[in-house]
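Take a look at the structure below. This report walks through a few of its helices and strands.

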Amino acid sequence: METHLRDYTKFRPKPAEEIGEVFRRANRMFVLSCGKCYKVFEQEDEGQYEQLLETLGDDASKVAGHKRVDFLCNEFLSGKKISGLDLGDSDSIGVMSCGLGVQFVAGLFEQTPVYALSDSVAHGLNYPSEVGYHGISLEDDSCAACSQCYLNLTGGICPITNCAKGLLNGPCGGATAGKCEVNSDVDCAWVRIHDRLTKRGELLSFGYVHTRDYSRPSWKTQNNLSLQNRESRGEGFYGGFHPLEKKEVTADRRIEQFAEPQTAVIFLCQHIGKRARPIVEPGEMVKVGQKIGEADGFVSAAIHSSISGKMIAVEDRPYPAAPRKELAVVIENDGKAEMHPSVQPRTGYEALPKEALLEIIKESGIVGLGGAMFPTHVKFSPPKPVDTLLVNGCECEPYLNTDNRLMIEHTEEILAGIGIVQRILSVDRVLMGVEENKPEAIAALSRFSDKYPSVQVVSLKTKYPQGAERSLIKRLLDRDVPPPPKGLPFDVGVMVSNVGTLFAIYQAVAKGVPMFQRVITVSGEGLSRPGNYLVKIGTPIRDIMRHCLAKDVEGLLEEYDVKMGGAIMGIPQANLDSAVIKGTTGLTVLRRHPVGVSEERDCIKCGRCVEVCPMHLYPLFYGLYGKQGDLGKALEHRVEECVECGCCEYICASKIALLSFIRQEKAYARSADKG
Amino acid sequence: MLAVQIKAKEEILPLISSKRLFIFECLGCRDVHYPVEEAQELIGSLDEEIVGKATLDYLCHRDYSREYIKAYAPEIDEAQVILVFSCGVGAQVLSSLLEDRKVYTGCDTLYLSGFQGLTAKEYNCGQCGECYLNYTGGLCPVALCSKNLLNGPCGGSQNGKCEVDPDMPCVWQQIYDRLARLGQLETMERLGAPKRWNASPLQ
């Protein structure tokens with residue numbers, strides 16, 4: 001990749017005499033240095049601290065310690081890092097960063113003098129206007145953000161930032177051989193503008209004289225915008241962002257029963273944990289709801305047939321949740337749709353004890369339907385007491401409406417499911433988080449507020465990844481779950497359950513219907529029949545695509561990506577031969593991005609991945625180490641805590657394949673762990 | 001950092017009327033301050049033929065934008081005008097990549113104070129090249145005093161508020177308070193050398 005990027009780092013060390021003067025006033029100084037931003041990120045540390053020690057000479061003995069804090073101006077993360085530091089016997093703090101970092105640190109330490117060891121510098125020619133690097137990239141082109149863009153008149157070359165005199169109505173007349181008279185190293189902006197306009201077939205003629213209104217917008221307008229933005233970004237939990245929702249495609253479509261497949265491919269592993277053990281033989285006839293796979297071990301789940309017919313094989317089939325094949329039971333439909341006699345409504349389930357309810361959930365093969373697929377009976381047997389049940393109705397992924405439609409159309413069943421789980425966990429307090437982009441669901445739920453007074457519905461401002469359980473716990477209860485992989489919600493007394501799972505629990509307990517069908521959203525681009533469908537588990541993705549496209553599906557994957565799940569976290573399907581599993585929240589069809597993520601582009605250290613990471617991590621390091629092939633180093637930056645929400649890759653200004661690096665690094669960490 | 005505002009339709013129309021358009025829309029800073037709805041409204045209200053539209057983020061990233069231009073080459077060739085919705089940096093990068101094409105912007109860009117670092121924050125920095133924070137208890141008079149005074153307060157503040165804007169605290173009052181807490185009030189007596197206003201640009 002061609003390198004044209006500039007270094008926009010914003011500070012340089014103070015002159016040696018001035019640093020000397022600062023150190024004369026200090027006895028013991030702890031030094032904080034910022035790793036700098038807006039530069040091509042090729043080396044982890046620039047050695048600023050070593051340079052400082054060299055400058056100090058004998059005074060270096062006064063340095064009590066040093067810590068590099070990347071993006072020091074990120075108050076939330078840096079505050080956490082600095083408060084955890086052992087400052088020893090230091091009586092002052094020296095900061096090597098731009099003015100933002102110094103002021104932030106000075107604000108943190110009320111009683112300790114904080115000294116700047118560097119000067120902040122601007123990059124524009126016409127300092128001190130607010131010029132330069134406020135785009136995200138490291139381009140030469142700068143923008144003074146003057147709020148009156150002239151580019152349409154000047155061939156896309158800004159006279160405000162490029163003309164030494166900021167002239168708006170043509171050249172001053174002082175340029176010689178195309179060079180500026182103020183600085184002969186600089187091209188005259190107006191000569192460049194003239195040349196560009198000539199190339200474009202336009203004329204350097206405005207017809208009227210431009211005067212510039214320097215008065216707008218007011219400082220207050222600007223500040224209000226920043227305040228609004230600051231509040232909306234930080235709201236509820238650190239990190240995240242608000243993607244285009246695209247929910248309108250299917251938000252108003254009622255759940256429809258999808259036709260039974262001719263052949264159902266029912267995977268024996270539709271959960272986290274051990275694969276189920278098949279208990280039927282090829283050639284045997286099975287009925288709808290009949291158990292065909294037995295949970296094998298504690299963390300495992302039962303599997304049921306979704307159609308009636310003849311079992312024809314147990315064989316490896318392409319698996320939708322990972323790029324591999326998995327063992328599946330293949331059943332040929334006999335078209336009779338005969339129910340298994342075990343599927344019977346249950347009366348008096350309200351009085352059943354906790355253990356009986358858990359047994360029903362286990363026998364019904366229920367797993368977390370939000371996509372995680374963790375066996376529910378295991379999850380609901382926490383080793384620690386739980387005081388609050390959080391019901392996750394966020395559905396923050398773009399396009400998906402599965403949970404939304406369930407809340408609208410099956411409101412009372414979900415609330416009854418909550419009641420069952422409350423009995424199992426013995427919790428009184430239930431908070432149900434629903435994003436505000438689902439007003440119909442919120443209205444439907446609130447109609448039952450008298451009948452189910454213990455369930456409190458909270459409308460949340462839409463934000464991704466709010467549906468991630470840690471984010472939701474932080475948002476609703478302001479509790480911090482200890483970091484993964486060890487920390488779990490019950491460590492802070494919380495259990496989180498998705499609305500789809502609660503609906504399935506109700507179906508299993510009250511109606512006796514095991515987990516052989518689920519609601520999925522089929523949405524995206526280029527579909528004739530997007531919608532919300534109740535599909536049988538094991539329905540081939542090809543059947544669903546054929547119906548929703550209303551045409552032949554051959555060649556679909558050449559132009560489109562088909563993801564199982566939503567647009568962000570969904571798993572791209574290599575072919576259409578896999579089938580719906582319990583964790584299929586939807587199928588999202590997206591026109592393939594003309595420009596994809598790449599491993600080669602340079603990181604410009606803009607820090608946006610750090611801003612959006614809900615786990616408080618620094619994803620840019622995963623990219624750096626990944627590219628350098630130094631996988632083990634990512635552990636120093638806690639890669640094992642990553643929840644793979646994809647925020648960093650989504651936001652990355654250089655479109656670096658961060659997730660694939662992270663997955664490699666996590667795999668490496670796991671293998672290193674084993675020995 | 002910056003915010004993007006959509007230009008008035010009357011301002012853009014003379015440049016694009018009855019031309020075939022290709023539209024670039026940059027969502028890179030959308031999460032921060034790109035008015036998606038207003039842009040859609042304007043685009044939707046145009047009578048001109050739109051031959052193609054690319055929605056991307058970080059149009060200001062040249063490598064990335066170049067790949068987009070390649071991906072949409074046929075549509076861009078067919079268009080007479082390329083209309084860009086992005087900040088001034090993005091518009092300039094695109095203009096320079098499509099030097100011989102008419103590239104126009106539909107946006108004005110305005111500066112957001114307190115955003116020049118990475119994160120939304122309380123502090124601002126004037127990047128003046130000559131940091132005063134060591135003498136002011138870590139509070140910047142260049143960025144925070146209405147009058148940019150460097151050698152103490154103007155004397156016009158009332159109850160700790162600035163006389164220019166009574167909603168704004170007097171930074172020299174805050175500096176005094178902080179220095180008092182640090183036991184460094186004597187630094188208030190330091191008279192700084194005249195500021196080198198040319199100290200900054202790193203060009």
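## A helix in chain B

Helix H4 of chain B spans residues 62-71. Its buried residues are Arg62(B), Asp63(B), Tyr64(B), Ser65(B) and Tyr68(B). They pack against two elements of chain B: strand S3 (50-56) and helix H6 (88-97). The model is a predicted one.

An α-helix has 3.6 residues a turn, so residues three or four places apart point the same way.

## The sheet in chain B

Strand S3 also belongs to an open sheet of four strands in chain B. The order is S3-S2-S4-S5, and the pairing is parallel. S3 and strand S5 (102-105) of chain B are the edge strands, each pairing on one side only. On average, neighbouring strands of this sheet are turned by 20° against each other, direction ignored.

Now zoom in on one pair. Strand S2 of chain B (residues 21-26) runs parallel to S3(B), joined by six bridges. Leu21(B) stands opposite Ile50(B) in S3(B).

## A buried strand in chain A

Why is strand S20 of chain A largely enclosed by the rest of the structure? Five of its six residues (531-536) are buried, so the rest of the structure largely encloses S20(A).

S20(A) has a parallel partner in strand S7 of chain A (residues 255-257), with three bridges. Here Glu256(A) stands opposite Tyr533(A). Strand S19 of chain A (residues 517-524) runs antiparallel to S20(A), with six bridges. Gln517(A) has Lys536(A) as its bridge partner. S19(A) and S20(A) form a hairpin, with six residues between them. In the turn, Gly526(A) has a positive phi of about 75°.

Key
Residues are numbered from 1 along each chain as its sequence is written. Chains are lettered from A and ligands numbered from 1 in the order in which they are written. This is a predicted model: local features need pLDDT of at least 70, side-chain atom pairs count only at pLDDT 80 or more; totals for chains, interfaces and linings use all residues. A residue is buried if 20 or more other C-beta atoms lie within 10 Å of its own, exposed if 12 or fewer, and partly exposed in between; C-beta atoms are placed from the backbone. Two strands pair if DSSP finds at least two bridges between them. Two residues are in contact if their C-beta atoms, placed from the backbone, lie within 7 Å. Axes are lines fitted to C-alpha atoms, for helices over the stretch in contact, and angles run from 0 to 180 degrees between N-to-C directions.
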